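Subject: Structure handover

Hello,

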Number of protein chains: 2
Amino acid sequence: MTPTLDTVFAALADPTRRAILAMLLEDDMAVTDVAEPFEMSLAAISKHLAILSRAGLISQEKRGRVKWCKLEPDALRDASVWMQGFGQFEAVNLDDFERFLERELGAEQAEGVRD
Amino acid sequence: MTPTLDTVFAALADPTRRAILAMLLEDDMAVTDVAEPFEMSLAAISKHLAILSRAGLISQEKRGRVKWCKLEPDALRDASVWMQGFGQFEAVNLDDFERFLERELGAEQAEGVRD
DNA sequence: GGCATATTCAACCAATCGGTTGACGATCGC
DNA sequence: GCGATCGTCAACCGATTGGTTGAATATGCC
């Protein structure tokens, strides 16, 4: 399936999935390691990863028995083009982004990662 | 309710709602006029507008018996900050955006606005 | 007042979502 | 080969989504 705006935005609409993307920003990770910080089953995380993968936001490659997850930020490009069309946003600096991530992750932590 | 990334991205995940936002980019519109090009009931459009409104993407103001819908592009700012954090996208020019919109609207037209 | 117009509400429906559990198939280490 | 580990599959569950229809609520016009 070619990723559409529908699938990309739908994938981004879940806080668990956004948290996963933020984790993958640091480094590629195995499925088990992705699941570790979350208070939910491995199967649930596996489903989230499948959704991110179908949206093109990550790729997964199996090496041995571990499946590595890798961020694919290019999938955000079309969505970013779409959004920037409204409001002519100037380029956002990464400090803004980091502060944003801290706020969001902090909020999730406060409610136990998930609510 | 203060709009969250959850509600903003979820609102953007539906093609009907994105088409509505694109229409409002041109001008403010009454609910009935928003509904006109779509092959679905007025009530359905009313619900879509409520979702966009809860996400902060539009505002609605009732004047007389007609309720005017107005784009509120600022609500996209947080989401845009979030997305640009991945991939350091350069500013996108509006020509790109217009071509993009044409493609998307064209695709929807081809399947009868909705599939 | 009375009718038409603009919009929402309420109830319903099928489909999807986000989660669970338990069984299963691969692969590694020994 | 065997047991442990990695990950998915399948079936199930309750909640939400995107749509419908019909009735209800404003408001405007004459």
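In chain B, the bridge partner of B:I58 in β3(B) is B:L71. The model is predicted, so local features need pLDDT of at least 70 and side-chain atom pairs count only at pLDDT 80 or more, while totals for chains, interfaces and linings use all residues. Residues are numbered from 1 along each chain as its sequence is written, chains are lettered from A and ligands numbered from 1 in the order in which they are written, and side-chain values use heavy atoms, without hydrogens and water.

Strands (E, at least two residues) and helices (H or I, at least four) are DSSP runs, numbered from the N terminus. Two strands pair if DSSP finds at least two bridges between them.

Six bridges join β2(B) to β3(B), residues 66-71, and the two run antiparallel. The open sheet of chain B has three strands in the order β1-β3-β2, with antiparallel pairing. β1 (29-30) and β2 (58-63) of chain B each have a single partner strand, so one side of each is left without a neighbour in the sheet.

In chain A, β2 (residues 58-63) pairs with β3(A) over six bridges, in the antiparallel sense. A:R63 has A:V66 as its bridge partner in β3(A). Two residues lie between the strands of this hairpin, and A:G64 takes a positive phi near 70 degrees. Two bridges join β1(A), residues 29-30, to β3(A), residues 66-71, and A:M29 has A:C69 as its bridge partner there.

Regards
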